[in-house]
Amino acid sequence: MSAETTPAVSDVSLYDVDNPAPLIEAPRKRTKKTPKSTRTNFELYGWLFMRLSGIVLVVLVLGHLLIQLVLDGGVSKVGFAFVAGRWASPFWQAWDLIMLWLAMLHGANGLRTVINDYAERDNTRFWLKMLLYTATVFTVLLGTLVIFTFDPNIR
Amino acid sequence: MATPTLEKAGTAAQDASPYITVTFRIRRFNPEVSAEATWQDFEVEIDPKERVLDGLHKIKWDLDGTLTFRRSCAHGICGSDAMRINGRNRLACKTLIKDINPAKPITVEPIKGLTVLKDLVVDMEPFFQAYRDVMPFLITKGNEPTRERLQSAEDRERFDDTTKCILCAACTSSCPVFWNDGQYFGPAAIVNAHRFIFDSRDEAGEQRLEILNDKDGVWRCRTTFNCTDACPRGIEVTKAIQEVKRALITRRF
């Protein structure tokens with residue numbers, strides 16, 4: 001009546017009643033390595049930040065794309081002179097600065113949760129997050145520096 | 001039965017047997033034999049109006065007594081027999097054969113994310129650990145009243161949905177976040193916290209919210225709705241989790 005779909009594993013003699021196969025450790029078992037509960041609101045603020053920055057970014061990014069790619073001749077108009085002209089106004093400086101910070105932090109926080117969800121080993125998780133934070137800090141600082149120190153007369 | 005109508009229709013009705021042959025493809029694991037789990041097929045004569053649990057019983061009682069699975073009440077109340085049937089978490093005792101296409105083999109696996117002990121039996125301890133962590137019992141201050149603690153119908157309605165939980169682990173073991181990181185409390189623990197957080201008689205809602213505010217608490221929920229789809233009791237699990245999140249946010253601001 002019964003038929004094996006997968007052939008029986010050949011190492012039958014390897015395990016018996018007194019020597020069963022090792023079980024995989026249960027995920028939520030309390031061990032000494034289990035991290036203590038955190039008692040901070042970091043995750044709450046992170047979650048809230050994603051929602052709020054997302055709403056603001058919809059306006060900022062769509063406006064940015066519209067100005068850069070659609071209005072007034074499309075992408076062909078974008079050049080050094082165009083950027084220099086825009087950054088002469090504090091309004092566009094602020095726009096780009098806010099967009100840079102929000103987009104980078106929003107993306108970094110999103111990737112942080114992706115890494116937390118998908119990285120299987122603690123070491124992998126740690127190093128992926130370090131890489132992410134380094135890249136985020138570098139990009140944010142570099143972008144901020146450029147926006148504030150931009151010199152339209154550069155050669 | 002000897003009812004006249006049946007006897008009259010007699011021969012034709014009795015010739016057409018209700019039984020069909022159904023293939024059960026079951027994930028077998030026995031640590032005393034092998035470290036690997038394997039699929040094994042069983043062919044069972046069964047009435048399509050019967051349940052998957054009846055099929056498992058037929059296999060265990062007539063074909064292979066070593067088949068191991070949990071079941072207690074067999075009527076969808078005890079929550080013992082949650083398993084992955086045709087790739088979805090269901091209670092074997094609430095799943096009719098005719099509802100899951102008996103023409104193809106019916107796959108039966110243990111629920112995911114928990115350690116398999118044997119065949120369809122998993123170690124539920126991490127699941128109940130998370131459950132105990134949210135303190136699923138009434139906590140009050142002051143003297144005990146001499147009468148019962150009264151509650152209005154509206155106050156009772158507030159958490160009615162989450163009182164239906166039978167702790168079968170179908171939701172928690174369908175959650176992709178739990179699969180990968182079992183430190184997450186999981187939907188079932190949050191549902192049972194919700195049941196007391198929104199109970200007007202309970203006074204430890206604040207403590208429970210604080211526990212679920214942890215980094216492995218409600219904020220790890222990705223609202224994939226797997227839990228709501230899996231719940232055999234029809235609890236709106238994701239909605240309950242979102243209500244806990246909202247309570248945390250409104251408490252702060």
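Analyst: Happy to! This is a predicted model, and a search over all chains finds 25 salt bridges in the whole structure.

User: What makes A:Arg112 and A:Glu43 a salt bridge?

Analyst: Their closest N and O atoms are 3.2 Å apart. The cut-off for a Lys or Arg side-chain nitrogen and an Asp or Glu carboxyl oxygen is within 4 Å, so the pair qualifies. A:Arg112 sits in helix α3 of chain A and A:Glu43 in helix α1 (residues 42–70) of chain A, so this bridge ties together parts 69 residues apart in sequence.

User: Why are α3(A) and α4(A) called roughly antiparallel?

Analyst: The axes of helix α3 (residues 90–118) of chain A and helix α4 (residues 122–149) of chain A cross at roughly 180° and come within 10 Å. Angles over 145 degrees count as roughly antiparallel, and these helices are therefore described that way.

User: Which residues meet there, and how do they divide into nonpolar, polar and charged?

Analyst: Among them, A:Leu97, A:Trp101 and A:Arg112 in α3(A) meet residues of α4(A) including A:Leu132, A:Tyr133 and A:Phe148. The contact residues divide into 14 nonpolar, six polar and four charged.

User: How many cavities of 30 Å³ or more does the structure hold, and what lines the largest cavity?

Analyst: There is one of 30 Å³ or more, and the largest cavity holds about 110 Å³ of space. Of its 15 lining residues, B:Cys165, B:Cys168, B:Cys171, B:Cys231 and B:Ile235 are the closest to its centre. The lining divides into 14 nonpolar, no polar and one charged; Cys and Ile both count as nonpolar.

Notes. Residues numbered from 1 in each chain as written. Chains lettered and ligands numbered in written order. Predicted model: local features only at pLDDT ≥ 70, side-chain atom pairs only at ≥ 80, totals over all residues. Heavy atoms only, no water. Axes fitted to C-alpha atoms, helices over the stretch in contact; angles between N-to-C directions. Helix = DSSP H or I, 4+ residues; strand = E, 2+ residues; numbered from the N terminus. Parallel < 35°, antiparallel > 145°, perpendicular 65-115°, else oblique. Contact = heavy atoms within 4.5 Å. 1 Å grid on protein atoms, 1.4 Å probe; cavity = no way out; pocket = protein on both sides within 12 Å on 5 of 7 lines; lining within 4 Å. Points joined across faces, edges and corners; volume = space filled by probe spheres on them.
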